[in-house]
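Good morning, and thank you for making time for this item. I would ask you to keep the structure open in your viewers while I speak.

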Amino acid sequence: MELLTPAEDLDRLGDEIAELSAHIEAATAPLLDLIREFDARGGWNTGFRSCAAWLGWRVGLDPGAARERVRVARALGTLPRLARALACGELSYAKVRALTRVATPETEERLLAVGRAGTAAHVERIVRGWRRVDRIAEAREDAQRHKGRALHVYQDEDGMVVVRGRLAPEVGAVLVQALAAARETLYQRSHEKNVSAETPPMEEPPTRAQQQADALALLAETALHHGIDPGTPGERYQVVVHVDAPVLADPDAPGQSVLEDGTHVSAETSRRLACDATRVVMRHSPDGRVVEVGARTRTIPPALRRALQHRDRGCRFPGCGLPFGQGHHLRHWAHGGPTTLSNLALLCRRHHRAVHEEGYQVEREPGGELRFRRPDGWLLPEVPPPAAIPADPVQALRARHEAQGLRIHPRTAMPGWLGEGLDVGYAIDVLHPLAAR
Ligand SMILES: [Zn+2]
Ligand SMILES: [Zn+2]
């Protein structure tokens, strides 16, 4: 047994901390590789909103940490140098996490040097400064684009009107969508007629450009005819479902289930929309006429909704917990299920869809607990049991790294920093490709 002075003993303790930390950080790299693959292959898509939500549920990470793991895992897919530096214990996860917020394949090399030289605090400050430059450049570009919006309308020598312009991307998207809708209205039907009539059309079908011109004319006429009113968002996205009462009770029953424009939706979807909706029930006579309006509305009364929100606090699906939700009738009211607290469970929109349309099942145990099952019947526990780990995880980790040929020692993750002050402004000027020199 060698004899150590207290100072030497503490040094050794410090070395041990540094070495084990480096081992753990290095082990984060293969973990992120696994997460990236799991994410890309959609392994989490078994009732969870995202890979991060799955991680939070399965591994017990807090939501912010889970989101960061997924983000960093994705980023490292295109940043091999940073990934390698993490894998050999050279850069800590904290440094890699910060660097991946700004790194691109072009700047990766330079930022890796920053990570090697500085402490985690230095790296954080440089990344913040880097982002500021990025944001300024981005805002400048955005302002430039916005300033460049223009629409020129003028008459040509032959009397035709020429339209030429540059629109902001989101405005352009609306225009393209509107033109497509107008084109469809103008040409879909005539096309169908031509196909079914099996007679050659009298003249050449209009070209795409001609169709666009006609569509624009229709848009202008429609706007002037209906008055220029973009409507409230609620009106624009309102969905009206017409569903026959028997279909609501039994999805296999014959009957219609269509949106206002005639689009057919599945019976399951109409059941979900009816499960918690403010709506007016219209009764149709067999020939389709509306015979009765508002005879029955099925909404959860405000007091009950408050009680539901208070009891459930958020979506009850395992691992979700989103604070806002819809009241799901465990037994659908079309089957006589009562609108009472014990027959309701709060589910977010995503998970309300999961139980109505994707085959997930939920039922209440006699004790009041909810039980969720996957479509294959597998029980989704509220908190999954932790994974089995070896009796001595530290030794197992060391052995694994040794087998990989990784040489990790107490100085593997030491920054090159010698204690001099950090001039972030200078560092950014030198490093950032867009920095104003
Ligand atoms: Zn429901
Ligand atoms: Zn949910």
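The model is predicted, with local features requiring pLDDT of at least 70 and side-chain atom pairs pLDDT 80 or more, while totals for chains, interfaces and linings use all residues. Residues are numbered from 1 along each chain as its sequence is written, and chains are lettered from A and ligands numbered from 1 in the order in which they are written. Helices (H or I, at least four residues) and strands (E, at least two) are DSSP runs, numbered from the N terminus.

I begin with helix 1, residues 6-40, and helix 3, residues 63-76: their axes come within 8 Å and cross at roughly 90°. Axes here are lines fitted to C-alpha atoms, for helices over the stretch in contact, and angles run from 0 to 180 degrees between N-to-C directions. Helix 1 is therefore roughly perpendicular to helix 3; angles of 65 to 115 degrees count as such, under 35 as roughly parallel, over 145 as roughly antiparallel, and the rest as oblique. Helix 1 contributes L32, I35, R36 and D39 to the contact, and helix 3 contributes R69, V70, V72, A73, R74 and L76. Contact requires C-beta atoms, placed from the backbone, within 7 Å.

How do helix 4 and helix 6 pack? Helix 4 (residues 80-87) and helix 6 (residues 108-117) meet at an angle of about 25°, their axes 9 Å apart, and they are therefore roughly parallel to each other. On the helix 4 side we find R81, L82 and A85, which meet E108, E109, L112 and G115 of helix 6.

Three strands form an open, antiparallel sheet in the order 9-10-11; two strands pair if DSSP finds at least two bridges between them. Strand 9 and strand 11 (379-380) stand at the edges with a single partner strand each, so one side of each has no neighbour in the sheet. Strand 9 (residues 361-364) pairs with strand 10 (residues 370-373) over four bridges, R364 being bridged to L370. These two strands form a hairpin with five residues between them, and G368 in the turn has a positive phi of about 100°. Strand 10 is joined to strand 11 by two bridges, and F372 stands opposite L380.

Finally, is helix 15 buried or in the open? Of its 11 residues, 393-403, the number buried (20 or more other C-beta atoms, placed from the backbone, within 10 Å of a residue's own) is zero, so helix 15 lies largely in the open. G405 follows helix 15 and has a positive phi, near 80°.

Technical notes
Two residues are in contact if their C-beta atoms, placed from the backbone, lie within 7 Å. A residue is buried if 20 or more other C-beta atoms lie within 10 Å of its own, exposed if 12 or fewer, and partly exposed in between; C-beta atoms are placed from the backbone.
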